[in-house]
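Here is a short report on one protein model. Keep the sequence and the 3D view open as you read.

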Amino acid sequence: MKNKRTLAAIFWLVAVVVMLLVMPDLDKLVQEKGQVTLPNDLESVIGTDILNDMTNEGRDTYSFAYVFHKDDGLSDSDITVIGQTLNGLDAEALGITSTLFHTESEAVADQLISKDGTTVLAQLAIDKSLGTASEVAELLRDEVDGLNMDTYVTGPDIVIDDFTTTTQEGVKKTEIIAVIFIITILVIIFRSPVVPAISLITVGIAYVISLSTVALLTKHFDFPFSNFTQVFLVVILFGIGT
């Protein structure tokens, strides 16, 4: 009986190590396949694809916006400097496929310069092959870092990227809090440090194997996956396991 228990323990230990080694990068997986998307046959999606083909030559792009701001108002020289900075961007190095700047025409300037003269916007489409949304945003920030005004980089892609990062950080905190509560409650109820240890080891094995399996299915077979998959696994497995 003792030998069987030893073999079983070794088997599960090896299983956990193997699953950890083959498990894909979860942060990258969430960014690539963890977002809710509309069906490809939806009319709005088809229209967006057609527009992307027309404006960006069919390249998959990020949408970014520069925001230039001064509370007391941007002077004519400030607006000139902004225009020179935007026109001086290296399109090839930054992967810029299309732009909309206030320097293009008076009509565009009326749309991109606020009525009170405190803010100027600039729109850019950037090829996704340049890197993640966060990496591209950092490159764009570096281009306007020296301007004597408040400068921001925003857009739907960077917002989603920030949301994903925040969610992942929340998952890690959830795991820590769950472990602390389980240990505390089980020690109080059973008045023994052994029971919490056995419970956490069992739950930990189930969690690692389940998460690795889901991640592999998502990477290779497009298994449904979202930002909250890890949260559900933590809550369900730690709850049932305990």
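## Thr119 and its contacts

A polar contact is a pair of N or O atoms within 3.5 Å; within protein, one must be able to donate a hydrogen and the other to accept it, and residues adjacent in sequence count only if both atoms are side-chain atoms. The side chain of Thr119 makes such a contact with the side chain of Thr118, at 3.3 Å. Another polar contact joins the side chains of Thr119 and His69, at 2.9 Å.

Thr119 lies in strand S3, residues 119-127. Helices (H or I, at least four residues) and strands (E, at least two) are DSSP runs, numbered from the N terminus. Thr119 counts as buried because its relative accessibility is 17%. Buried means under 20% relative accessible area, exposed over 50%, and partly exposed in between (1.4 Å probe, protein chains only).

## About the model

This is a predicted model: local features need pLDDT of at least 70, side-chain atom pairs count only at pLDDT 80 or more, and totals for chains, interfaces and linings use all residues. Residues are numbered from 1 along each chain as its sequence is written, and side-chain values use heavy atoms, leaving out hydrogens and water.

## Two nonpolar cores

A nonpolar core is a set of buried Ala, Val, Leu, Ile, Met, Phe, Trp, Tyr and Cys residues joined through side-chain atoms within 4.5 Å. Which residues touch the most other members of the largest core? They are Phe64, Tyr66, Phe68, Leu86, Leu89 and Leu140, out of 24 residues. Strand S1 (61-69), helix H4 (76-87), S3 and helix H7 (133-143) each give two or more residues to this core. A second, separate core has 16 residues, including Leu26, Val203, Val214 and Phe225.

Contact means heavy atoms within 4.5 Å. Leaving aside neighbours within four places in sequence, Phe68 is in contact with several residues, among them Leu74, Leu86, Thr119 and Met149.

## Thr80 in helix H4

Thr80 is found in helix H4. Is Thr80 buried, exposed or partly exposed? Thr80 is partly exposed, because its relative accessibility is 44%. Its side chain reaches the backbone oxygen of Asp76 at 2.9 Å. Thr80 and Thr103 are 23 residues apart in sequence, yet their C-alpha atoms are 8.9 Å apart in space.

## Pro224 in a loop

Pro224 lies in the loop between helix H9 (194-221) and helix H10 (229-241). Pro224 counts as exposed because its relative accessible area is 64%. The C-alpha atoms of Pro224 and Val214 are separated by 8.8 Å. These two residues are ten apart along the chain.
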